Amino acid sequence: MFSNNNTTDKLNGCPLTKTEMGQIISQINGETPFAINRRLNGRYISIIRDNSKDTQHVGKRVDLFLFDKDEIAAGRSVYQIARQPKLPISSEILGNRRGDLMLLINGMPLYHIELKNNPVPVEQACNQISKYMQHGVFTGFFSLVQVFVAMTPTETLYFANPGRERAFNSDYYFHWGDFNNKHIVDWEEVAEKFLSIPMAHRLIGYGTIADGTDNILKVMRSYQYHAAYKIYSQVVKRVDWDDDGQKGGYVYHITGSGKTMTSFKCAQLIKSSGKVDKIVFLMDRDELWKQTYDNYRNFSDCDDIEDTANTNSLLSKLENDTPNLLILTSIQKMSNLTTVNPTPNAARIAKVQKKKLVFIVDEAHRSTFGTMLRDIKLTYPRAMFFGFTGTPIMKENAVDGITTDGLFGTCLHKYTILEGIRDKNVLGFKPSKVVTFDEEDFREKVALMKLGKDSVEGLTDEEFKKYHALASRDMDKVEADVSNSLYADGDTGKEHRKNVVQDILNKWERISFRGKFHYILATSSIREAIKYYRLLKDNDKDLFVTAVFDPHTDNTSDDIFKDKAVEEILIDYNNHFNFKFRVGAYRRFKDDVCSRLAHKEPYKDIDTRREEAVNIVIVVNQLLTGFDSKWINTLYLDKVIDYEQYIQAVSRTNRLNGYEKQYEIIKYCRKPYTMEKNAEEALRLYAEAGYQDVYVPSLGQNIIGMNNDYQSIIKLFEKNGIENFSRLPDNQGDIKLFADLFNNISNNYYRSIPQLFTWTKRTYITEDAGEVTVDLDERTYEILHQRYSEIPRTVQPGGDMIYDIKAFLTEVSSNEINRAFMESQFAEVLKDLSNGAKPEEIKALLDDLKSSFAELPAEDQITAEAILEDIYSGALKDFDEGKTLAEYIEIYKRDTLKANIKVFSEAFGFDKDKLARIMVFHLKEEKLYEGGLFDQIMETLDRAKAKETMEKLEDCTIRPHRVVQKAEGYLKKFILSGGDVSFMD
């Protein structure tokens with residue numbers, strides 16, 4: 001800090017005093033990582049000088065330099081490594097911790113690196129960082145940490161600092177990849193290519209995003225960084241800006257992979273180069289302008305993003321001499337500033353033509369194939385054009401022979417569907433057919449139609465041969481002979497729509513997870529969309545349905561029909577949600593629908609207010625491109641589309657959103673066999689080699705997978721001599737194997753739910769696997785789930801967890817186990833006791849009851865067995881027939897816990913009341929330090945008592961400096977075990 005600011009106008013040769021350093025620390029202490037990032041990119045921090053030796057500045061404000069994202073390995077940038085930094089925690093009695101490594105830039109710890117050795121999984125390094133956060137480590141000076149890195153010798157994850165108040169989310173733990181998206185796993189290569197300079201500096205300066213959308217710090221994935229930096233390199237290496245026709249190139253990143261953020265960071269890099277005069281973001285539709293403008297403004301910390309109200313505003317911004325201006329506009333406005341046709345703005349445009357311009361074209365596959373972009377390129381031949389698309393136009397789907405390569409130049413960076421699925425950035429596919437006509441009947445009618453006949457009867461032998469050949473073709477060939485009118489008009493159209501609606505409603509609860517997720521139904525025409533709306537809006541599922549399409553009319557008969565329908569849709573919407581939307585403000589209505597579907601303000605928490613949700617939206621083309629919502633999980637396609645249109649449409653469902661959304665659910669309703677073929681061709685083009693890997697396992701495969709893993713679990717528990725899965729194995733390796741096997745079973749189970757799997761049905765007929773029967777039932781699954789939830793998070797106090805425990809599985813309640821049988825047996829025992837039953841009869845009942853205890857948590861099994869023992873021995877005399885077994889278990893546990901708290905607190909000197917208070921919350925380890933109560937208990941530790949107790953337990957002398965750390969381990973063990981003191985016997 002001193003060396004970087006030791007100039008006459010700043011520190012003037014006088015070092016910072018402790019109080020001046022205190023000013024700096026007080027400003028950053030308590031700031032979120034988001035706020036720190038904006039401060040870093042603001043480059044300076046201010047103090048009031050109090051060093052009396054600096055007579056020039058004492059009592060005055062001085063701005064001190066912090067960080068410059070462009071001074072990479074140059075200028076004032078200084079790089080240091082801190083090994084085993086001392087990390088102070090919030091509780092004095094717990095003492096400090098030691099980290100592994102920190103990377104410092106200009107004396108600031110911007111990277112914290114946590115190391116674990118094999119075979120400990122890298123996730124445990126992430127857990128260690130999370131623990132440090134709960135201990136309050138990353139406050140004060142360490143508030144400056146921006147990026148966390150978790151490393152083993154063979155795997156590395158990195159992620160942005162989420163801040164103390166925000167939960168760590170493994171969805172945002174990333175692997176660093178090379179330019180070709182191959183994960184870099186070896187620690188030496190990670191150090192060389194990721195954690196070295198210049199990369200480590202660039203990632204802080206250009207790879208972090210203080211996102212104002214949610215005020216959370218984000219960090220770019222490697223493919224985003226490589227793409228942005230490649231475009232930047234293309235611009236800075238250009239020397240001759242008088243050379244017309246220089247193509248830029250395009251970035252091909254799958255939809256849903258964060259192209260908006262990538263394009264913004266790309267512009268930010270170009271701006272920093274000082275090589276261009278203006279950077280223009282081109283949107284292909286006015287309606288996307290606000291969404292993108294808001295995103296860019298939220299991403300920006302100090303860069304000016306200029307909007308354009310109209311064409312004249314755009315021209316004024318282009319012709320002024322403000323350098324490096326970032327301008328966001330639509331292709332429609334930009335196309336008005338061309339000289340292809342005579343224009344009164346010719347002189348002003350000529351001035352703009354002399355400038356160094358870079359155009360960044362959003363969704364390049366959509367906007368590039370009209371005349372507008374062609375005219376822009378002809379008018380500004382010196383400019384460089386860069387496109388961003390998830391579905392580039394290739395020779396297989398070229399429009400008039402024009403491809404994305406031909407228009408923009410070479411592909412500068414690629415990130416495909418397969419790579420997105422591999423990295424868990426987007427979901428895999430699960431398409432299925434909704435067959436609305438009987439297949440044999442359909443074949444017959446189409447064959448007869450081709451022959452011009454009404455019936456098979458009366459066909460000549462030659463005609464019958466032709467009929468048979470036509471009716472025996474592959475279904476996609478049969479469908480090719482059918483016009484859309486079969487699905488749209490007359491009785492067949494009504495039958496088709498009725499069957500589609502029936503499929504939607506019959507499967508709604510399971511596929512939508514009772515309304516948590518929303519559907520899109522895409523139709524072939526507005527007229528059909530309206531017919532669907534009238535069929536769906538009055539339903540017995542209490543679902544709210546609306547429709548969104550282009551409301552503009554030109555007074556044709558179809559438009560009169562549409563006008564009335566738009567009015568009807570708005571009236572229904574207004575009545576349901578108490579709005580007053582009018583046809584003239586249709587855009588506001590559409591924005592409200594989109595906000596509900598995307599759970600954006602003011603509907604961010606609509607998942608908890610599902611009565612305010614739009615369950616199904618019916619569209620024609622609207623929302624099938626450019627609309628993002630992780631809450632859409634199902635797309636019904638009652639239209640035939642191919643190539644880029646298909647990939648764009650199904651990508652509306654590809655955003656991740658928790659364990660319940662395992663994949664994209666796509667339903668082909670119109671010409672379903674043709675759509676299967678179109679999908680295969682589209683995926684072959686855009687997913688390239690191995691395109692079949694985009695499909696998730698079928699129901700049959702999921703059931704077979706569950707069965708195989710269940711059989712392995714049976715063998716595992718039999719090997720350990722455990723009946724009825726009543727407890728976990730003792731061996732850590734076997735526990736780890738069980739955890740892995742149960743993870744597999746649960747993954748297959750959750751994937752199967754939208755495929756209409758239910759525990760009440762044991763046998764299924766599947767397309768690919770034939771007849772399959774589920775080996776385990778719901779009760780067994782819940783018993784295994786109960787054992788899984790009992791897996792310890794640590795091997796020993798302070799140790800590393802070696803088990804792959806999925807947080808969502810431990811958070812899902814297992815209290816839904818059907819314990820009716822157990823409770824009915826217990827009631828029978830109490831009744832027989834009251835009626836004076838014989839001891840042998842009571843014992844038989846108790847033995848039957850005991851066999852069902854596997855459903856209980858392990859600690860409850862012990863308590864329940866103690867209750868049965870007391871019943872049989874007569875110790876429990878004053879029993880109450882009205883009480884359930886669950887109530888007796890709670891009574892016994894409460895009494896036992898009270899006694900155990902007394903024993904444990906007296907042995908260590910802990911405050912008994914505080915200990916009792918923390919036990920009420922039944923905390924998991926990751927929540928142990930939240931709220932500060934654990935630290936408060938530790939502060940009541942009696943070191944002398946604790947030392948004496950632990951020396952007796954461990955039969956060894958404990959050095960004084962180790963007392964607190966070891967006592968913390970015993971306290972954790974007591975709390976996490978639910979108050980077990982058996983280790984003290």
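Let's start with an open sheet of five strands, ordered β3-β6-β7-β8-β9 and mixed in its pairing; strands here are DSSP runs of E of at least two residues, helices are runs of H or I of at least four, both numbered from the N terminus, and two strands pair if DSSP finds at least two bridges between them. The edges are β3 (79–83) and β9 (155–160), each of which pairs on one side only. From one strand to the next the twist averages 20 degrees, where axes are lines fitted to C-alpha atoms (for helices, over the stretch in contact) and angles between N-to-C directions run from 0 to 180 degrees.

Before going further, a word on the source: this is a predicted model, in which local features need pLDDT of at least 70 and side-chain atom pairs count only at pLDDT 80 or more, while totals for chains, interfaces and linings use all residues. Residues are numbered from 1 along each chain as its sequence is written, and side-chain values use heavy atoms, with hydrogens and water left out.

Now walk across the sheet from β3. Five bridges tie β3 to β6 in an antiparallel arrangement, and Tyr 79 stands opposite Ile 105 in β6. Next, β6 and β7 also pair in the antiparallel sense, over five bridges, with Leu 103 facing Tyr 111 in β7. These two strands form a hairpin with two residues between them, and there Asn 106 takes a positive phi near 55 degrees. Four of the five residues of β6 are buried, so the strand is largely enclosed by the rest of the structure; buried means under 20% relative accessible area, exposed over 50%, and partly exposed in between, using a 1.4 Å probe and protein chains only. Further along, β8 (residues 147–152) runs antiparallel to β9, joined by six bridges, and Ala 150 stands opposite Leu 157 in β9.

What about the helices on this sheet? Helix α3 (residues 122–134) lies across β7 (108–115), β8 and β9, at about 140 degrees to β8. Helix α5 (residues 199–206) packs on the sheet too, touching β3, β6 (101–105), β7 and β8, and its direction makes about 115 degrees with that of β7. Contact here means heavy atoms within 4.5 Å.

In one of them, Phe 517 and Trp 631 have ring centres 6.3 Å apart and planes at 35 degrees, so the pair is tilted. Phe 517 and Trp 631 are 114 residues apart and sit in separate loops, one between α21 (508–511) and β20 (518–523), the other between β22 (616–619) and β23 (632–638). Both residues are buried.

Finally, two charges sit over rings, meaning that NZ of Lys or CZ of Arg is within 6 Å of the ring centre and within 35 degrees of the ring normal. Arg 76 has its charged end over Phe 65, 3.7 Å from the ring centre, and Arg 596 lies over the face of Phe 577 at 3.6 Å.

Definitions and conventions: Rings of Phe, Tyr and Trp (its six-membered ring) pair if their centres lie within 6.5 Å; planes under 30 degrees apart count as stacked, over 60 as edge-to-face and the rest as tilted.
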